[in-house]
Structures are given as C-alpha cells and as structure tokens.
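Open the model in your viewer and keep the sequence panel beside it. This tour tells you what to select at each stop.

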Amino acid sequence: MSVTRDEVLRIARLAELDVDDDTLPELAEQMSRILDYVAQLSAVPANGAMKGFVPGPDAIRFRPDEVYPQPLAFGPDEFAPAFKEGFFVVPRLDQFE
C-alpha cells in the first residue's frame, strides 16, 4: 500500500504536527512500509489452529486466576473499641441531628 504526499499532510494536520516539505517523502515511505507490515500480519490465519507461544517447557501450566479474601491477622472485634453484629459502633454526633 502506498501513502501519498497529500495523505501524509492530512495525517500530520490531524495530529497537529508541523512537517517539513523535505521530510514528506521519507514519512510517506515509512508509513507505506508500516501499512505493508500490518497487511502481512492480517494475512496470518487467526482461526485458532496455531498454538500460542508460551516460553519454557510444555510441562509448565498456569494456575487458575482465582480471587480469595485475605485473612486478617486478627478480627476487627479484637481491635475495635465497640463491635456489634459485624459492624463498628461509633458514638453519635448530636450536632447533626
């Protein structure tokens, strides 16, 4: 795929970049090479027939990603000044009533 000079100027304007006229051919050539590479990547079949690469021996298996609650060193009822039925008991603020 070939990127033209006008397309480079349009992309530069959208990206709010100031591009010199001297660098336009080089940028067009680099953008064309990038688009050619992306076209090559899209040609690779992605139907799942190929096994994904995992570094290391095949015997390494990943553990399941599971979330468990972390146990506390001691419960809140041991360090809270007042704890009743699973809640912290705090003094009433009479000025807001």
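**Before you start**

Keep in mind that this is a predicted model. Residue numbers start from 1 along the chain, as the sequence is written.

**Stop 1: helix 2**

Select residues 24–42, which make up helix 2. Helix 2 has 19 residues. Now look at its two ends. From the first C-alpha to the last, helix 2 reaches 27 Å. That is close to the 27 Å expected at 1.5 Å a residue.

Which residues of helix 2 are buried? Select Leu24, Ala28 and Ser32. Turn the view until you look down the axis of helix 2. The buried residues fall within an arc of 70 degrees, so they line one face of the helix. Next, show residues 5–14, which are helix 1. Helix 1 is part of what covers the buried residues of helix 2.

Now turn to the face of helix 2 that points away from its buried side. Select Arg33, Ile34, Tyr37 and Gln40. These residues are exposed.

**Stop 2: Ser32**

Go back to Ser32 in helix 2. Is Ser32 buried or exposed? Its relative accessible area is 11%, and under 20% counts as buried, so Ser32 is buried.

Show what surrounds Ser32. Leaving aside neighbours within four places in sequence, Ser32 is in contact with Met1, Ser2 and Val3. Pick Val3 and show its backbone nitrogen. That nitrogen lies 2.8 Å from a polar atom of the Ser32 side chain.

**Stop 3: the salt bridges**

How many salt bridges are there? The count comes to two.

Stay on helix 2 and select Arg33 and Glu29. Arg33 forms a salt bridge with Glu29. The closest N and O atoms of Arg33 and Glu29 are 3.4 Å apart. Both residues belong to helix 2. Arg33 and Glu29 are four residues apart there, so about one helical turn separates them. Check the surface at each end of the bridge. Arg33 is exposed, with a relative accessible area of 53%. Glu29 is partly exposed, at 38% relative accessibility.

For the other bridge, select Arg5 and Asp21. Their side chains meet in a salt bridge, at 3.5 Å from N to O. Where do the partners Arg5 and Asp21 lie? Arg5 lies in helix 1, while Asp21 lies in the loop between helix 1 and helix 2. The pair therefore ties together parts that are 16 residues apart in sequence. Arg5 is partly exposed, with a relative accessible area of 45%. Asp21 counts as exposed, at 55% relative accessibility.

**Stop 4: two loop residues with positive phi**

Select Glu16, in the loop between helix 1 and helix 2. Look at the backbone here. Glu16 has a positive phi of about 55 degrees, although Glu16 is not a glycine. At 73% relative accessibility, Glu16 counts as exposed.

Then jump to Glu85. Glu85 sits in the loop between strand 1 and strand 2 (87–88). Its phi is also a positive one, about 50 degrees, and Glu85 is not a glycine. Glu85 counts as exposed, at 71% relative accessibility.

**Stop 5: the aromatic cluster**

Select Phe74, Phe79, Phe83 and Phe88, and show their rings. These four residues form one aromatic cluster. How many aromatic pairs does the structure hold? It holds three. Two of them are visited here.

Begin with Phe74 and Phe79. Their rings form an edge-to-face pair. The centres are 5.9 Å apart, with 80 degrees between the planes. Phe74 is partly exposed, with a relative accessible area of 43%. Phe79 is partly exposed too, with a relative accessible area of 49%.

Move on to Phe79 and Phe88. The centres of their rings are 6.5 Å apart. The planes stand at 45 degrees, so this pair is tilted.

Finish on Phe83, in strand 1 (residues 83–84). Phe83 is partly exposed, with a relative accessible area of 29%. What does Phe83 touch, not counting residues up to four places away in sequence? Select Pro76, Asp77, Phe88 and Val89 to show these contacts.

How values were computed:
Side-chain values use heavy atoms; hydrogens and water are left out. Rings of Phe, Tyr and Trp (its six-membered ring) pair if their centres lie within 6.5 Å; planes under 30 degrees apart count as stacked, over 60 as edge-to-face and the rest as tilted. Buried means under 20% relative accessible area, exposed over 50%, partly exposed in between (1.4 Å probe, protein chains only). A polar contact is a pair of N or O atoms within 3.5 Å; within protein, one must be able to donate a hydrogen and the other to accept it, and residues adjacent in sequence count only if both atoms are side-chain atoms. Contact means heavy atoms within 4.5 Å. The expected span of a helix is 1.5 Å times one less than its number of residues. The arc is that of the directions from the helix axis to the C-beta atoms. A salt bridge is a side-chain nitrogen of Lys or Arg within 4 Å of a carboxyl oxygen of Asp or Glu.
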